[in-house]
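Subject: Structure for your reading

Dear colleague,

Please find the structure below, followed by an account of what was found in it. I would be grateful if you read the two side by side.

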Amino acid sequence: MLDALLSALIALSEPERLLYMALGVGIGYAIGVLPALGGLAGLSLVLPFIYGLDQVSALAMLVGLVAVAATADTYSSILMGIPGSSASQATILDGFPMARRGEAARALSASFLASMIGGLVGAVILTAAVQVARPLILALGTAELFMLAVLGLSMVGVLAGRSFSKGLVACGMGLALGTVGAAPATSEYRNDFGTLYLSDGLPLPVLVLAIFALPEIVDLARGGGTISKTAELGRGWIAGMRDIARHWWLLLRTSSIGSVLGAIPGLGGSVTDWIVYGHAVQTEKNGQFGKGDVRGVIAVEASNNAREGGALVPTLFFGIPSSGSMAVFLGGMTLIGIEAGPQLVGERLDLTYAIIWSLAIANVMGTLLCFATSPLIARLTTIRFGLIAPFMVMIVCFGAFNTSRDIADLLLLLAVGAMAMFMRRFGWPRPPFVVGFVLAQPMETYLYQAVQFYGWGFLQRPGVLIILGLIVVFVALGARQRKLADTEDESPKAGASAMPQALFALVPAALFALVFWDATKHSFLGAVFPLMIAGVMLPIALVISGRLAFASRPGRLRHDGEQDADPEQGGFWTYLLWFAGLILGTVLVGFLLASIVFFLAFLRWPARCSWTTTLTLTTIANAGLVAVADILVLDFPGGLLQSLVDLPWPLR
Amino acid sequence: MVRISEAWRPGRRGVLRGAAGLGAAALLPAGAARAQDFAGRTIEWVIPMSVGGGSDTWARFHLPFLQRNLPGSPTVVVRNITGGGGINGTNQFAGRARPDGLMILGTTASIQFPFLLGDPRVRYDYAQWVPVLASPTGGVMYVRPELGVRGPQDFARLKAAQGLRFGSQGPTSLDIVPALAFEMLGLDVQIVFGMQGRGQGRLAFERGETPIDYQTSSAFISQVMPLVREGKAVPLCSWGVMNDAGEIVRDPNFPDLPHFAEFAQAATGSPPSGPAWEAWRALFIAGFAAQKFVVLPRTTPAGIVNAYKAAFARTLADPEYKEKRGPVIGEYDEVTGPAADRHYAAATTMSADTRQWTREWLLRRFNHRLGGDN
């Protein structure tokens, strides 16, 4: 084992191989900084170039890319509130409020260091676990996987914020939307309304962008000014390092959790994120989570780099990729002639260690690169927001339609984004929604499979009981903690009239009714899960609506962020309508033309730029968009115009 | 076949695109004589599956060879259009590809199956395309050693085994082939759905949750053979391969294993026959023996089609291709030309009776309704 480790390190230390790794790191960095692309896009970009490289160099390049993309995607999460990839959703909750407070530098510094240390911890754990990983993973059956999903769901307790019932319903909405598409037990299509798009289920990246990014963009655009309220970066680079030193125990814990959960095939990356974030909220004292607590950033960033290491286990030893980027990584390995499987541990241990330690070295390289370029990029938060807003809208749209490349992605973005704006305004917590959504499918699948494999006796398996014990302990710990803040608002506001809030509570009620009605058309196994969720949640949502309509005082339930809206600010609807205009334009003339018109109009009027600035920025932005689309071999969503006239690319 | 042809009604969009395509074709003839030259052009290879998957890796493996071997050395890019398990991207290709050789499609089992079974969401018709490459693979069925089954001679023990379970990706997925195999063998296997990929099925096998499983050849060789050597898995039969005469014979990768028809005959005493066998045979060919194709629109001028056939023929003869194909394709011979046409004919047709029987079987066995017939 030591021989293999040494020979791997010697092979990696050859300058040529380090150079390829640096190349991978560079590409990963560029992809990571450009939000909403993620490591997946990067990997597909380099696949054509790995031909002809020797195996270690090619692996170093691939791993370098994966490792750094998970570090660099933090930029957009912290600086803009746009999830850089689905790996950094939870980073937004605390990272973005820090940037708004003028602590972008501190947040970035803490996050990069946490990423690096998390990555290194992951590599160490992997090195030690290589020989025993296989039996450990095989010890976790479908019953234990179901319980891990329940563990994730129990985090809703601390993520629900002020009102538990609203948090519960938000989680229920996520669960209900998660049942759209083929039923795991029967392959019946649920809630698909005869469309191919819905038969695949709703795409997570679109939902995350809609839930977190859109409401913040609209809020910022209304406020004018800059992202950082103090228009300063803050001299936080040292402060961030001190944060890391102070919270080393949390860092170590979350790195370990991340690397272990990452190694479990079939759980999914974003589940890990939320478990880790929930763990931090449950266990850390005097938390200001949700309002810019640096511990929230540290926990998630440490775990998501450690997770990339853990995710290598099922990919390398079982040939089962645990994420989209690991699937591409596996494809890349096949192309350079390496087959994943048990023999990688047996006969090619040196290669396995080369992969693991590429990950560690690439993490260090990536962190240095991020630190070096941060002061420049963080200036973004001090630029007038009017100039940035159209870019952010473009990025969010691009990220959304890059997932399934269907115009329906944009319509979904608009619909869920509008709903998320009201959730934010009326104090409905948004993290439980995402937690519910990412857990719906694993919960339903593993529950069904566990019952098929073990009968209901699966509940008495030792692994299940252990995880159950953990859940009880963590929930008890969480009950004593301060709850997650919904927004930065300190005290609840009643709102002039409770009627709009009561009406909004009917939106989830309607969703549950729809899911319930659809489920009645399916066979027992296809219907039982959505029926249970909708059946429990519908009455709760109706009660909330009723109580809101008649509750007189502001409290945990009743809240309207618009109560004393600053008259200086833009209206609640204005910027939502701008966004809707862009989507409508796309439906008519396709995304590229609509985007050009959107940029011109937005920069000229709301942002009050000169025509010169307007034209320059419009050209830069849209030329960049076309370049990225060209590299990614992607057509923009077309509209009515495109269906009538056959236009050349990129207008096609 | 009839119903599918009727379903093939192009919408307005299709008509317009068709018209545009004809327009382009009208402009072509001058070029058509020299159409074999793709110099400076970009060719899109549509893969209706996600990046990193089997089809994608297969296409990306072929990419540099194809670029090199097509006249004029064009740039070839893989365009992944996902959705609907492959139906979406294939529908788009069917509506969009022109007969100019600049857009080709890579199909696979999960695109053949819904077409053969008459899934109403399918808007493509294999009869409208012409194949230029066919790519076979195989599969191996294996069981846990605790069952005490070493081969067909122990079939009685297999049949009497309690708690036989199999992890499947869905009633109409590739895993319909083993499901039909169990049906023909009269095995009482509880089929548990919801597996995301064969890898998860294999994991359930290794955990002991499912005592019977199968893998496609490359995964069997890299993932299951080590288990066989450790005595943790026992292979029973391969699915076989199809020879030039269209007969199912032993898989050259597993010459010591009986193919499924041999196994069934040894186990049950008579060669498999009847509608279940017809269904198995058709789906086995579309799913394994001729799993992947590269196709162009049938209206494409012969010069262009032949340029592609020649390019793939050169690839298949390339020593570098032979040396590197192992991990991606396995030791199966991909074919072009008349052999590819034969594979294509076998993999993309199913008699109306067999289709009807299969749809009824899906309803009876899994309560699974494909839609489109009520």
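The expected span of a helix is 1.5 Å times one less than its number of residues. Helices (H or I, at least four residues) and strands (E, at least two) are DSSP runs, numbered from the N terminus. The model is a predicted one, in which local features need pLDDT of at least 70 and side-chain atom pairs count only at pLDDT 80 or more, while totals for chains, interfaces and linings use all residues. Residues are numbered from 1 along each chain as its sequence is written, and chains are lettered from A and ligands numbered from 1 in the order in which they are written.

Helix α30 of chain A (residues 611-631) has 21 residues and reaches 30 Å from its first C-alpha to its last, close to the 30 Å expected. After α30(A) comes A:V633, with a positive phi near 50°.

Two other helices of chain A, α7 (residues 104-129) and α15 (residues 248-262), pack with their axes 9 Å apart at an angle of about 55°. Axes here are lines fitted to C-alpha atoms, for helices over the stretch in contact, and angles run from 0 to 180 degrees between N-to-C directions. α7(A) and α15(A) are therefore oblique to each other; angles under 35 degrees count as roughly parallel, over 145 as roughly antiparallel, 65 to 115 as roughly perpendicular and the rest as oblique. Among the residues of α7(A) that meet α15(A) are A:G118 and A:G122. By class, this contact has seven nonpolar, six polar and no charged residues (Ala, Val, Leu, Ile, Met, Phe, Trp, Tyr, Cys and Pro count as nonpolar, Asp, Glu, Lys and Arg as charged, and the others, Gly among them, as polar).

Chain B has 17 helices and twelve strands. In chain B, the axes of α4 (residues 54-69) and α13 (residues 302-317) come within 9 Å and cross at roughly 120°, so α4(B) and α13(B) are oblique to each other. B:H62, B:F65, B:L66 and B:N69 in α4(B) meet B:A311, B:R314 and B:T315 in α13(B).

Finally, how many residues of chain A are in contact with chain B? There are 46, and they touch 43 residues of chain B; two residues are in contact if their C-beta atoms, placed from the backbone, lie within 7 Å. The largest share of the chain A side, six residues, comes from α18(A).

Yours sincerely
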